[in-house]
Amino acid sequence: MKMRVLDWIVCPVDGSPLRVENAVTTGEGDDLDVVSGLLVCDQGHAFPIRDGVPRLRPDDLLADDSDEAAEIHRRAAEGKTIAASFGREWDHFDHDTSRTWHETVEDRQKLFMQEVALTQEQLRGKVVLDAGSGNGSHSNGISQLGCEVLGADVTDAVTEAHKRYSTKPGSRVHYIQADLMNPPFKPASVDVMYSSGVLHHNPDTKAALDSVLKSLKPGGTCYIWVYHMEPGLKFKLQLMLRSVVSRWPAPLKHTFVRVWSVQSMIRQHIRTLLNLNDEKDRLTWSERIVDLMDIYTPRYRFMHTQEEVKGWYAEYDMADVVTSEVRDWGFGVVGRLPTGLGSSEHNTHNSSEQVLTQEASG
Ligand SMILES: C[S@@+](CC[C@H](N)C(=O)[O-])C[C@H]1O[C@@H](n2cnc3c(N)ncnc32)[C@H](O)[C@@H]1O
């Protein structure tokens, strides 16, 4: 963990500033990395830095037996459920050979600039929160555009991502293990809040958006990508199967995905032989397993409409709101917070009820 990360993080329990204690470090100057130590706030809450990564989920609290500690650990329950399913997913990701969602890192870098509607020049020197950074390769790709990136995810995938990308000299990407619903980010501290394919995997998508938006500066850019309902019988059958499989115990779900991947790969090979699929859809076995796990295993997987998301942005009086990306599976909407609005004001909105397009497995 680089010391400048302290500018963007706070104690997830009470929002107060954190300091580093008992630090073991490597490197020097801008590349000085805290490999292990403690992050402590004035109220005495302590969280570990392990393998160079700040561990700031509620259940990472180095706690005593107090009632407060029990309450904080209770807040960790949903995050643990999310981590359990996605953690296994990223175990199948191969940083050397896998693409993410059929795209190379370079493709995703170009797409990122379209998604957030900012040029590389505008991004230089800015701070981007990649909320739900997954395997972490995209956070690193974004940082190569010249900005500082905080890649935050609830899973242990941040450990490998840190080792691969943050320990390189001059790296501008920082990984944090965090639960976005109990966010450890300093209010109004980042210029871009980017969250691709993440918020709809929480019990309430709008509440997750409200939670991460606290970190965005007035005038900052917000981009979220969420699932939508697709037309067609294939999609409906997939949803029906998912609603059954996603309720199964983890080992059974993962066995299902492995078995299902066999027929899925056979169908892919046939389509390839008949020249019926694009290069992008010719997946390796690991890429296929990650794809299938993403469809069938997460506990929550809500779907939304563009109007609904734009309604959420309207609650924050966001300007320049446009749908900047549409795919088979979902869409992304970008907007800018008004410049004059402080973070404390723009977070007083209540989370609205999610609409009927939702599909929950649990
Ligand atoms: C489908 S993946 C998308 C990853 C990445 N944004 C990308 O585009 O490649 C969803 C990720 O969001 C993370 N996630 C979902 N809810 C979260 C939460 N409340 N806190 C932290 N991470 C969360 C999951 O752990 C998972 O890695």
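What is the relative accessible area of Trp 285?

Reply: This is a predicted model, in which local features need pLDDT of at least 70 and side-chain atom pairs count only at pLDDT 80 or more, while totals for chains, interfaces and linings use all residues. Residues are numbered from 1 along each chain as its sequence is written, and side-chain values use heavy atoms, with hydrogens and water left out.

Trp 285 has a relative accessible area of 43%, so it counts as partly exposed (buried is under 20%, exposed over 50%, partly exposed in between; 1.4 Å probe, protein chains only). Trp 285 lies in helix α10, residues 285–296 (helices are DSSP runs of H or I, at least four residues, numbered from the N terminus).

Together with Val 262, Ile 266, Ile 270, Leu 273, Leu 274 and Leu 276, Trp 285 makes a nonpolar surface patch of about 750 Å². Patch residues have over 30% relative accessible area and no salt bridge, with nonpolar side chains joined within 5 Å; a salt bridge is a side-chain nitrogen of Lys or Arg within 4 Å of a carboxyl oxygen of Asp or Glu. Areas come from the Shrake-Rupley method with a 1.4 Å probe. Helix α9 (residues 250–273) gives the largest share of the patch, four residues.

Notes: Patch = residues over 30% accessible without salt bridge, like charges linked within 9 Å, V, L, I, M, F, W, Y side chains within 5 Å. Helix = DSSP H or I, 4+ residues; strand = E, 2+ residues; numbered from the N terminus.
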